[in-house]
Amino acid sequence: METLGRLAGVTVDCRDPQRLADFWSVVLGGRVTESLPGWRRVTVAGGGPVLTFQPVPEPKAGKTRLHLDIAVTDVDEAVDRIGMLGGRWTGERHDYQEGAVLVMTDPEDNEFCVVQYYRV
């Protein structure tokens, strides 16, 4: 079976990205860098998904605090295929210099993102 994409990273919404990045870098043996202003990224030695810590002002309530980022070659195709599988696009899209991020949900409304990285 042909796959749609690959697991690129795990993003955690949090109030203190530096604190969580420092914690996970010790737990996983990773290196902390700033990916965007205020954001932190943990790259694990030896490979594996990257952990990104995204600052949000609100404490944990009902929103999913942890979601998967799935790297795809074409976000439009991914939206269509995910829809055919029972998921949906929330309508939320973020465009950054490094690529496009679309917020999706699985059939039970768990959020995840499809990410199309641009070649710079």
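Buried means a relative accessible area under 20%, exposed means over 50%, and partly exposed lies in between, with a 1.4 Å probe and protein chains only. The model is predicted, so local features need pLDDT of at least 70 and side-chain atom pairs count only at pLDDT 80 or more, whereas totals for chains, interfaces and linings use all residues. Residues are numbered from 1 along each chain as its sequence is written, and side-chain values use heavy atoms, with hydrogens and water left out.

**Exercise 1. Determine whether Ile70 is buried or exposed, and find its contacts.**

Step one is to locate the residue: Ile70 lies in strand E5, residues 66-71, where strands are DSSP runs of E with at least two residues, helices are runs of H or I with at least four, and both are numbered from the N terminus. Step two is the classification: Ile70 has a relative accessible area of 18% and is therefore buried. Step three is to list contacts, meaning heavy atoms within 4.5 Å: once neighbours within four places in sequence are set aside, Ile70 is in contact with Gly5, Arg6, Leu7, Phe112, Cys113, Val114 and Val115. For one of these pairs, Ile70 and Val114, the C-alpha atoms are 4.8 Å apart, although 44 residues separate the two along the chain.

**Exercise 2. Identify the residues of the largest nonpolar core and the elements that supply them.**

A nonpolar core is a set of buried Ala, Val, Leu, Ile, Met, Phe, Trp, Tyr and Cys residues joined through side-chain atoms within 4.5 Å. The largest such core has 11 residues, namely Ile70, Val72, Val75, Ala78, Val79, Ile82, Ala100, Leu102, Met104, Phe112 and Val114. Two or more residues come from each of helix H2 (75-84), strand E7 (99-105) and strand E8 (111-117), and H2 gives the largest share, four residues. Apart from this core lies another, of seven residues, among them Val12, Cys14, Ala21 and Phe53. Ala78, a member of the largest core, touches Leu4, Val72 and Val114 when residues up to four places away in sequence are not counted.

**Exercise 3. Decide how many disulfides the model contains.**

A disulfide is a covalent bond between the sulfur atoms of two cysteines, and the rule applied here asks for a pair of cysteine sulfur atoms within 2.5 Å. By this rule the count is zero. For Cys14, the nearest cysteine sulfur belongs to Cys113 and is 15 Å away. Cys14 is buried, with a relative accessible area of 2%, and Cys113 is buried as well, at 5%.
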